Amino acid sequence: KAKATLDLIRPAVAETGAPRLKATESVMRAQYVIETRSWEMLRAEASFSTSAELFAIGLSAAETGLPQVAARARNELRRRSQSQKLDAAIMEKELAAVLELREGKGARAVELMQEAVALEKALPPPFGPPRPVKPSYELQGEILLELGRHPDAALAFEQSLARWPNR
């Protein structure tokens with residue numbers, strides 16, 4: 001259904017060029033790629049409309065062996081976070097953690113995710129879709145699971161579900 005919805009909104013965005021509709025499509029595309037792990041869809045994309053889509057591009061690149069593309073996305077997220085955009089700062093830490101993990105630096109990845117979690121705690125209580133597009137506790141759990149730290153991963157997933165019930 002999500003892919004079908006993306007296919008429906010695309011012509012409306014192309015026809016109207018409405019900025020708000022374009023941003024909605026961008027976030028929907030980012031959510032779709034991240035939730036389905038459809039990394040090929042955005043892995044080498046050069047254009048984006050939102051920080052969420054930029055993050056999805058970077059994550060896709062990191063997960064498919066394009067670290068230079070991922071690093072460019074991370075640098076842009078870092079630049080965006082300088083203007084006090086907390087979501088961008090969180091996503092920059094998350095992307096940095098995945099890049100470190102893919103380079104075999106698990107301990108550094110865990111440290112970066114702890115920083116991302118701390119930043120996310122400063123956001124207002126959740127309402128609606130996840131903000132940022134990939135909740136930090138959830139990604140922290142995935143990283144810990146990949147590192148074989150199952151009890152720590154379970155705790156991170158529990159914390160994620162406490163913040164984002166029914167996810």
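Q: How do helix α4 (residues 67-81) and helix α5 (residues 86-102) pack, that is, at what angle and how far apart are their axes?
A: In this predicted model, the two helices pack at an angle of about 155°, and their axes lie 8 Å apart.

Q: Why are α4 and α5 called roughly antiparallel?
A: An angle over 145 degrees counts as roughly antiparallel, and α4 and α5 pack at about 155°, so the two helices are roughly antiparallel to each other. Their crossing is left-handed.

Q: Which residues make the contact of α4 with α5, and what classes do they belong to?
A: From α4 come Pro67, Ala70, Ala71, Ala73, Arg74, Leu77, Arg78, Arg80 and Ser81, which meet Ala88, Ala89, Met91, Glu92, Leu95, Ala96 and Leu99 of α5. Sorted by class, the residues of this contact are 11 nonpolar, 1 polar and 4 charged.

Q: What makes α3 and α4 roughly antiparallel?
A: The axes of helix α3 (residues 51-63) and α4 cross at roughly 150° and come within 7 Å. Since the class of roughly antiparallel begins over 145 degrees, α3 and α4 are therefore roughly antiparallel to each other. The crossing of α3 and α4 is left-handed.

Q: Which residues of α3 meet α4, and which residues of α4 do they meet?
A: Ser51, Leu54, Phe55, Ile57, Gly58, Ala61 and Ala62 in α3 are in contact with Pro67, Val69, Ala70, Ala73, Glu76, Leu77 and Arg80 in α4. This contact is made up of 10 nonpolar, 2 polar and 2 charged residues.

Q: How do you know that the span of helix α1 (residues 2-16) agrees with its number of residues?
A: Helix α1 has 15 residues, which at 1.5 Å a residue should span 21 Å, and because its end C-alpha atoms are 21 Å apart, the two values agree.

Q: Which residues of α1 are called buried, and what do they pack against?
A: A residue is called buried when its relative accessible area is under 20%, and in α1 the buried residues are Leu6, Ile9 and Val13. These buried residues pack against α2 (19-36). After α1 comes Gly17, which has a positive phi, near 65°.

Q: What makes α5 a mostly covered helix?
A: Of the 17 residues in α5, 13 are buried, where buried again means under 20% relative accessible area. From its first C-alpha to its last, α5 reaches 25 Å, which is close to the 24 Å expected at 1.5 Å a residue. Just after α5, Gly104 has a positive phi of about 85°.

Technical notes. Residues numbered from 1 in each chain as written. Predicted model: local features only at pLDDT ≥ 70, side-chain atom pairs only at ≥ 80, totals over all residues. Heavy atoms only, no water. Axes fitted to C-alpha atoms, helices over the stretch in contact; angles between N-to-C directions. Helix = DSSP H or I, 4+ residues; strand = E, 2+ residues; numbered from the N terminus. Parallel < 35°, antiparallel > 145°, perpendicular 65-115°, else oblique. Left-handed = near helix turned anticlockwise from the far one by under 90°. Contact = heavy atoms within 4.5 Å. Nonpolar A, V, L, I, M, F, W, Y, C, P; charged D, E, K, R; others polar. Expected span 1.5 Å × (residues − 1). Buried < 20%, exposed > 50% of the residue type's maximum accessible area, 1.4 Å probe, protein only.
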